[in-house]
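I opened the model and kept notes as I went. Here they are, entry by entry.

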Amino acid sequence: MSSHKSIQRIAIVGTGVIGASWAAYYLSRGFDVVATDPAPNAEEALRKYVAEAWGLLAQYGLATNASMDRLEFTSSMQEALREADFVQENGPERPDFKIKLFADMDEATPPDSIIASSSSGLTMDVIQSGCKRPERCVIGHPFNPPHVIPLVEIVGGAKTSEETIQRTMEFYTSIGKKAIRLHKALPGHVANRFQAALYKEVLYLVQQGVLSVEDADIAICYGPGLRWGVMGPSLQWHLGGGPGGIHHYMEHLMPPLTALIGSLAAPDVTDVLKQTVVDGVLREVGERTVDQLANQENEVLLGLLALRSKAGL
């Protein structure tokens, strides 16, 4: 990235929940942020979100030059993009809309800037198809909320340059994100597919009457979920192999796991099953609001990340 201008000014296109969370994070890392969104009251909602997130971000460390005062807002996308070094797009997940939006951003942004999309459901092949400079367009998909969760999935399109992918990886890593590169584009990228695979089995077991929705949540978050907050499943198998590590696991323990994998089945997602999940979740929620639950989760997650950092993980 040294051969290119440094990234100082970031444009946020679309300031819904994901865009607002990105804005809060970039501000906390000391960037100038200019945001744009045509929705009524978008600026008011954005500034409210950033202000509410700021206390938690400050608790776990801000960059020395971080300030909410470095946030600008304009209803003109062309104005927002005119001097942007990096663009984080968060628009609606509709192919026709996204193709035109990226073509317009490509026209309005300096030619050596990177244009990243937070898209979770569209491939960059589709998104960049109307661009004159598609080589600088890339997926930078965050895990929600971006100002708390470090993961960002990086995947290019057929016309994205290797240089763009490397610059994007380096940039996200430099600001504290855990960037992973996907070498193939898949619906849902990878983290959402992991979630879907696990939830498939949750739904199946609930439907089969094996356990309740509440107990399924307990089984995950007080069992493997705790370990996954420290290290991933493959590294866990290295521990599971004992002194022989992953070699022992693959040789002696993978065969029974393979048999178990082969026995897994898909649920029949009926209205009855969906209502069962709703009822179970609402029992877990009790009197807590969605915002209260989200705030509790964010505080615990940032605490966990601080512990991981202290432990050198």
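**Salt bridges**

I started at Glu-72, which is partly exposed at 38% relative accessibility. My classes: buried is under 20% relative accessible area, exposed is over 50%, and partly exposed lies in between, with a 1.4 Å probe and protein chains only. The model is predicted, so local features need pLDDT of at least 70, side-chain atom pairs count only at pLDDT 80 or more, and totals for chains, interfaces and linings use all residues. Residues are numbered from 1 along each chain as its sequence is written, and side-chain values use heavy atoms, with hydrogens and water left out.

What does Glu-72 form a salt bridge with? I found Arg-9, with the closest N and O atoms 3.2 Å apart. For a salt bridge I required a side-chain nitrogen of Lys or Arg within 4 Å of a carboxyl oxygen of Asp or Glu. The pair links distant parts of the chain: Glu-72 sits in strand S3 (residues 71-73) and Arg-9 in strand S1 (residues 9-13), 63 residues apart. Helices (H or I, at least four residues) and strands (E, at least two) are DSSP runs, numbered from the N terminus. Arg-9 is buried, at 16% relative accessibility.

I then looked within helices. In helix H2, Lys-48 and Glu-52 are four residues apart, about one turn of the helix. Their salt bridge has its closest N and O atoms 2.7 Å apart. Lys-48 and Glu-52 are both exposed.

Helix H12 (residues 271-285) holds Asp-271 and Lys-274, three residues apart. Their closest N and O atoms are 3.4 Å apart, and I logged a salt bridge. Asp-271 is exposed at 61%, while Lys-274 is partly exposed at 45%.

Glu-89, Glu-93 and Lys-98 are linked in a network of salt bridges. My count came to 13 salt bridges.

**Strands**

I checked S7 (residues 151-156) against S8 (residues 178-181). They pair in the parallel sense over four bridges; pairing takes at least two DSSP bridges between the strands. Glu-153 has Ile-180 in S8 as its bridge partner. The chain goes from S7 through helix H6 (residues 162-174) to S8, a right-handed β-α-β crossover. Right-handed means that, with the strands pointing away from the viewer, the path from the first strand over the helix to the second runs clockwise.

**Cysteines**

How many disulfides does a search of the whole structure find? I got zero, taking a disulfide as two cysteine sulfur atoms within 2.5 Å. Cys-131 is in no disulfide, and its nearest cysteine sulfur, that of Cys-137, is 4.0 Å away. Cys-131 is buried at 10% relative accessible area. Cys-137 is buried too, at 0%.

**Backbone**

Most residues other than glycine have a negative phi, and most peptide bonds are trans. I noted some exceptions.

- Asn-41 is not a glycine, yet has a positive phi of about 65°. Asn-41 lies in the loop between strand S2 (32-36) and helix H2 (42-59), and is exposed at 58%.
- His-189 also has a positive phi, about 55°. His-189 lies in the loop between S8 and helix H7 (191-207). Buried or exposed? His-189 is buried, at 5%.
- The peptide bond from Asn-144 to Pro-145 is cis, with omega near 0°. Pro-145 is in the loop between strand S6 (137-142) and S7.
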